[in-house]
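The structure I worked from goes in here before my entries.

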Amino acid sequence: MIGFDTTAGKAARLRHRFAVARQDPTLAIGLVLLAVFCALIVAPVCTILSDIFVTQAGDTARTGGEAGSWTGYYLGRALFSRMSQILFWTPLWNTLAVAGLSTALALGIGTGLAWLLVRSDLRGRRWLSTALIVPFMLPAWTFALAWTVLFKNATTGGQPGWFEAMGLQLPDWISYGAVPTIVIMVLNYIPFVILLVGNALKRMDSQLEEAGRMLGAGRGTIALRIVVPLMRPAVMSACLLMFADAVGEFSVPYVLGLPVHFETLATSLYRAIGTQQTGMAAVFAGVIMLVGMVTLGIDTWMMREARRFATIGGKGAMERRRTLGRWHLPAFGLVLGVVLVSVVVPLGVLALSTVMILPGRFNAANFTLAYWIGTGLDTVALKTGILRAPEFWAAVWNSVRIVGAASLMAGLAGLLVGYVVTRVPVRAVGVALRQVTFFPYLVPGIAFAAAFLSLFAVPHGPIPALYGTPYILLLALVADQMPFASRAGIAAMTQLGREVEESARIAGAGWLHRMRAIIVSIQKGALVSAVLMPFISGIKGVSLFIILAVPATDVLTTYSLRLIDYNYTQAANAVVLMIALIALAGTIVINRLTRNGLAQGLES
């Protein structure tokens with residue numbers, strides 16, 4: 001009888017749990033999402049890392065083992081062989097040097113500009129703040145292409161740059177390699193520093209500085225003993241995030257480095273994949289991942305430590321601006337010069353280059369719209385202007401359908417992740433889902449693309465090989481954008497209480513009806529932002545597409561890079577301008593929808 005009661009009790013509890021699950025399937029949805037993202041995020045990374053120690057099919061003679069057997073050949077070749085200096089150590093040094101110098105220079109310039117915008121009485125702060133953030137909205141290689149238009153020399157053939165066309169003979173170190181790569185990356189990172197450091201400066205209570213002055217401290221002492229310690233978390237965070245991003249940067253070294261064989265880890269990874277050296281590609285990807293994960297891990301630790309010493313101004317906080325006096329005109333000229341160099345000149349040069357037949361000649365006969373709308377062009381692979389070229393519109397269609405679908409999926413998945421994290425009854429599921437969806441942020445895009453290629457280039461059971469199809473791009477984009485989409489979803493759901501949903505459940509509304517009528521309806525604004533942000537990032541992104549796209553799945557970024565490879569400079573620059581226009585327009589739409597512009601905190 002006792003056994004019968006126990007069995008009946010278990011059955012009753014199971015029926016009760018099933019009835020509850022039908023009304024609140026949060027745990028089941030969380031487990032499904034966790035499994036999906038483990039397959040899309042964790043599995044590719046594990047696969048590429050395992051490829052470092054597994055003999056690849058074409059390397060059996062070199063490794064002395066069968067395909068699929070364990071080997072240390074690739075690691076030994078990269079680190080200790082006679083070719084290791086060329087294969088690994090030189091690209092590693094170039095990567096660290098470019099990343100370190102770019103970070104240091106951007107930090108110095110950006111911090112100075114942030115102080116002028118936030119803590120001084122500089123005139124025109126509102127429009128200067130907005131103008132200085134514009135490079136943050138554009139692809140980094142926009143500036144690299146503008147550099148080649150101006151400074152390209154005869155080393156690579158094709159049309160020369162403007163200065164070369166005017167009779168100036170430029171050395172390679174100005175036209176290509178480390179120097180222009182660092183300059184371009186500095187220009188691209190300055191807005192990032194302005195945003196982080198400027199907002200930190202704005203939150204800092206200036207009464208602390210006033211107290212120091214009242215106690216007789218000089219400007220140097222106040223800066224070193226008060227301002228610098230309080231600003232250290234924001235400054236170090238900017239440093240580490242820029243460094244991690246620079247280590248995985250591909251497009252700028254690709255455009256400016258390869259013509260003179262200036263290799264970084266990212267370009268070496270791309271070259272290894274192009275020559276089907278899967279094992280070596282895995283080594284490069286693993287090192288890039290390791291540097292990115294360690295750097296961002298340090299940033300996370302430092303942010304936790306910084307909270308112990310946080311000083312936040314409340315109602316009594318004061319924000320006093322320093323009077324520039326006689327330095328006002330030089331300061332204004334400095335900021336305006338940065339705007340001209342980082343925004344006006346690059347975009348203006350690219351725009352002019354698309355309507356010039358020969359570079360550097362500014363007479364009326366040299367201007368044409370042929371590269372936009374012309375026909376019968378004297379080129380092998382491009383017979384019309386880009387707006388008449390079927391390949392351009394095919395790339396536009398691929399960009400819209402692939403990036404658009406991925407953005408929509410990422411936005412919806414991000415909202416679901418936010419729902420599960422804030423509602424799931426088993427806390428471990430929410431914590432695991434939060435961590436897994438954030439993981440791609442720790443892996444630079446070029447390495448993540450290589451990981452995806454390693455996993456999905458071959459069939460796995462019922463799943464066919466996806467390389468060469470739009471599906472691999474779609475899945476990679478969804479996974480790559482989940483850190484932003486999931487954080488947007490979590491932030492939105494944290495602000496939404498359970499009371500409205502609980503009332504609907506008591507009234508008999510099922511889970512799907514509650515999601516459609518309550519959650520999605522209330523969170524429409526957050527959902528739109530969660531879709532548009534990945535769309536903008538995907539439209540201007542290079543790293544994922546350059547590894548995973550083929551000519552049949554060309555998007556705007558890869559189409560423009562193929563035009564660059566063919567030396568069709570005017571057409572390539574025209575495509576880049578279209579990408580920049582889409583990115584700028586999308587950013588403006590997000591700012592209007594959220595009513596919170598990037599530079600809003602610096603303008604007041």
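Entry on cysteines. I took a disulfide to be a pair of cysteine sulfur atoms within 2.5 Å, and in this predicted model the count by that rule comes to 0 disulfides. I then looked up Cys 46, which is in no disulfide, and found that the nearest cysteine sulfur, that of Cys 38, is 9.1 Å away. I noted that Cys 46 counts as partly exposed, at 46% relative accessibility, and that Cys 239 is buried, with a relative accessible area of 17%.

Entry on aromatic pairs. I counted pairs of rings with centres within 6.5 Å, and the count comes to 13 aromatic pairs. One of them is formed by Trp 147 and Phe 151, with 4.4 Å from centre to centre and 40° between the planes, which I recorded as tilted. Where do Trp 147 and Phe 151 lie? I found both in helix H7, residues 140–151, where they are 4 residues apart, about one turn of the helix. Trp 147 is buried at a relative accessible area of 15%, and Phe 151 also counts as buried, at 18% relative accessibility.

Last entry. I noted one aromatic cluster that is formed by Phe 88, Trp 89 and Phe 284.

Note on methods:
Residues are numbered from 1 along each chain as its sequence is written. This is a predicted model: local features need pLDDT of at least 70, side-chain atom pairs count only at pLDDT 80 or more; totals for chains, interfaces and linings use all residues. Side-chain values use heavy atoms; hydrogens and water are left out. Buried means under 20% relative accessible area, exposed over 50%, partly exposed in between (1.4 Å probe, protein chains only). Rings of Phe, Tyr and Trp (its six-membered ring) pair if their centres lie within 6.5 Å; planes under 30 degrees apart count as stacked, over 60 as edge-to-face and the rest as tilted. Helices (H or I, at least four residues) and strands (E, at least two) are DSSP runs, numbered from the N terminus.
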